[in-house]
Amino acid sequence: MKKILIIGGGLSGLSAAIYLIENGFHVEILEASPKLGGRTYSFKLDDKQTIIDNGQHLLMGCYTHTLDYIDKINSMDKFDFQKSLEINYVAEKGKTFKLSVPGKFYPLNLLYAFINFKLLTSSERISILKFFLGLRTGRVKTGDEQSVEELLRSHGQSESVIKKFWDNVVISAMNTQIGLASAELFVEMIKIIFFSGKDSSNIVIPNTGLSEALIYPAENFIKNKGGKIVTSERVIKIEFENGKASKVLTSKREIIDFDYLISAITSDQLLKIIPDDIIEKLNIPSLQYSSILSVNLWLSKNPLKEKFYGIVGGKFHWLFNRGEYISLVKSAADDLIFSNKNDLIETAISELKKYFTILTDTEIIDSKIIKERKATMISDINSIKKRKKMNHNFNNLFIAGDWTNTGLPGTIESSVKSGRMISEMILSHPLK
Ligand SMILES: Cc1cc2nc3c(=O)[nH]c(=O)nc-3n(C[C@H](O)[C@H](O)[C@H](O)COP(=O)(O)OP(=O)(O)OC[C@H]3O[C@@H](n4cnc5c(N)ncnc54)[C@H](O)[C@@H]3O)c2cc1C
């Protein structure tokens with residue numbers, strides 16, 4: 001049985017492990033931290049009961065690789081699936097506007113959705129519909145040098161419609177400001193979300209902690225099938241001999257008994273552990289990362305009805321209602337991420353007062369702030385161009401990770417897809 005050594009126990013490493021075990025390989029995962037999951041995990045608060053995530057994660061119906069992964073690890077019941085895309089947007093003074101994209105009208109569902117989306121003026125709604133039509137028919141074209149903002153403006157999207165609608169879509173999905181985000185990647189993403197089937201834009205939300213939904217079941221799957229998982233062991237160096245990865249040096253030992261080596265870590269982590277000539281051969285890009293901030297608040301009472309709200313033009317992009325507590329989330333949060341706890345709570349309170357008037361006489365009982373400074377890669381024009389030139393393998397070394405050339409922004413789907421992509425490469429090119 002061929003042995004695969006996987007560096008990194010985040011979703012990309014777990015995805016590769018699951019697929020390769022199923023295909024008859026012996027798999028060992030080496031994870032530097034004491035826990036699996038990487039940037040997708042949950043933990044218990046001091047009361048030892050409340051589970052919170054390192055930041056709310058949303059999946060979508062178009063996450064086909066992830067849904068397949070969830071199915072394999074038998075975890076479908078840990079997710080709530082929207083029947084069709086529905087988002088409640090909240091504007092100042094608590095005015096709410098529903099965007100409802102009914103799957104039964106696909107492919108005309110966007111027409112129905114925007115005709116009825118009263119957050120926007122009628123001319124704004126027409127401009128959005130024209131833009132979607134242009135994407136669908138291929139009339140809207142973009143090159144690898146254009147930002148999303150340039151693309152939107154060149155197709156009749158006004159300042160106001162960008163602020164009210166597009167800003168939130170782009171920042172949330174690409175964790176990158178609209179003026180920097182790659183238009184090429186954005187167009188691909190929109191096509192996958194809205195034009196690849198009636199359920200593709202539906203939101204899928206974990207109904208428990210992220211580790212409980214995505215990580216522990218994968219760990220059990222791997223262990224039950226004879227895979228090995230080692231935590232708290234960092235890979236420090238990969239050595240090469242005769243053009244092949246031959247030795248892995250870790251914080252504890254040297255490993256030479258592997259046939260294939262998979263890197264499932266971020267590009268900056270990988271750049272530290274492989275020699276310069278291999279970096280050149282693989283064209284590993286040095287990428288920049290962007291933050292996500294979550295302000296979790298426990299309230300004296302919670303009258304909010306919906307599971308989540310999009311906030312129009314606010315300092316936070318989303319409010320997630322977890323019943324017991326609420327989470328205010330900001331993507332590409334570099335302007336707030338260095339603020340201290342008190343300032344962040346004050347900002348959160350003033351935003352709640354501005355947008356959620358029903359919370360006016362509600363007190364804040366407790367709070368937990370989570371700052372993920374390097375949440376995902378910045379999907380800007382330069383990074384997307386650089387990653388297109390990377391190679392996914394050099395002889396027996398294969399590269400996975402949400403940042404690799406999957407055609408997607410740095411997301412769960414990108415990480416799971418990358419694990420699957422390189423596993424398929426390994427299967428289709430067996431070593432002699
Ligand atoms: C707050 C937040 C919110 C997000 N929201 C969403 C969302 O709503 N939807 C969505 O799709 N995506 C979201 N994402 C992105 C998603 O979490 C990531 O894309 C995904 O988790 C990346 O997985 P990965 O396996 O590629 O990398 P990682 O999760 O970074 O895994 C890499 C692993 O390798 C380990 N490692 C690193 N170096 C070494 C070494 N030398 N030796 C051994 N191990 C090593 C690390 O400890 C880590 O466990 C969010 C991310 C954050 C942080």
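Reader: What classes of residue make up the shell around the ligand?
Author: By class, the shell has 12 nonpolar, 18 polar and 6 charged residues. Keep in mind that this is a predicted model.

Reader: Which residues are closest to the ligand?
Author: Gly-8, Gly-10, Gly-38, Gly-55 and Thr-411 are the closest. The ligand is surrounded by 36 residues.

Reader: Which domains does the shell draw on?
Author: Domain 1 and domain 3 each provide at least three residues of the shell around the ligand.

Reader: Back up. Where do the domains run?
Author: Domain 1 comes in pieces: 3-45, 209-287 and 380-428. Domain 2 covers 96-201, and domain 3 covers 289-377. These bounds come from the domain assignment of the chain.

Reader: How far apart are the centres of domain 1 and domain 2?
Author: Their C-alpha centres lie 33 Å apart. In the contact, domain 1 takes part with 8 residues and domain 2 with 14 residues. On the domain 1 side, the touching residues divide into 4 nonpolar, 2 polar and 2 charged.

Reader: Now sheets. What is the strand order in the open sheet of 6 strands?
Author: The order is β10-β2-β1-β14-β21-β20, and the pairing is mixed.

Reader: Which strands stand at the edges there?
Author: β10 (228-230) and β20 (393-394) do. Each has a single partner strand, so one side of each has no neighbour in the sheet.

Reader: How do β1 and β2 pair, parallel or antiparallel?
Author: Parallel, over 5 bridges. Strand β1 is residues 3-7 and strand β2 is residues 26-30. Pick out Ile-4 to see a bridge: its partner in β2 is Val-27.

Reader: Which strands does helix α13 lie across?
Author: Helix α13 (residues 412-428) lies across β14 (260-263), β20 and β21 (397-399). The helix runs at about 150° to β21.

Reader: What about the open sheet of 3 strands, what order does it have?
Author: β5-β9-β6, with antiparallel pairing. β5 (59-60) and β6 (79-81) are the edge strands, each with a single partner, so one side of each is left without a neighbour in the sheet.

Reader: How many bridges link β5 and β9?
Author: β5 and strand β9 (residues 203-206) pair over 2 bridges, in the antiparallel sense. Leu-59 stands opposite Val-204 in β9.

Reader: Switching to helices. At what angle do α4 and α6 pack?
Author: About 75°, with their axes 10 Å apart. Helix α4 is residues 122-137 and helix α6 is residues 159-174. The two are therefore roughly perpendicular to each other.

Reader: Which residues make that contact of α4 and α6?
Author: From α4, look for Glu-124, Ser-127 and Ile-128. From α6, look for Ser-160, Val-161 and Phe-165. By class, that contact has 3 nonpolar, 2 polar and 1 charged residues.

Reader: And α4 with α7, what angle there?
Author: About 95°, and the axes are 11 Å apart. Helix α7 is residues 183-195. With 65 to 115 degrees counting as roughly perpendicular, α4 and α7 are therefore roughly perpendicular to each other.

Reader: Which residues make the contact of α4 with α7?
Author: Phe-132, Leu-135 and Arg-136 come from α4. Val-187, Ile-190, Lys-191, Phe-194 and Phe-195 come from α7. That contact has 6 nonpolar, no polar and 2 charged residues.

Reader: Last topic, the backbone. Where is the cis peptide bond?
Author: A cis bond joins Tyr-106 and Pro-107, with omega at about 10°. Pro-107 is in the loop between β8 (96-101) and α3 (109-115).

Reader: And what is the phi of Lys-93?
Author: Positive, about 65°, although Lys-93 is not a glycine. Most residues other than glycine have a negative phi. Find Lys-93 in the loop between β7 (85-90) and β8.

Methods. Residues numbered from 1 in each chain as written. Predicted model: local features only at pLDDT ≥ 70, side-chain atom pairs only at ≥ 80, totals over all residues. Axes fitted to C-alpha atoms, helices over the stretch in contact; angles between N-to-C directions. Helix = DSSP H or I, 4+ residues; strand = E, 2+ residues; numbered from the N terminus. Parallel < 35°, antiparallel > 145°, perpendicular 65-115°, else oblique. Contact = placed C-beta atoms within 7 Å. Nonpolar A, V, L, I, M, F, W, Y, C, P; charged D, E, K, R; others polar. Pairing = 2+ DSSP bridges. Domains from an automatic or database assignment. Near = placed C-beta within 6 Å.
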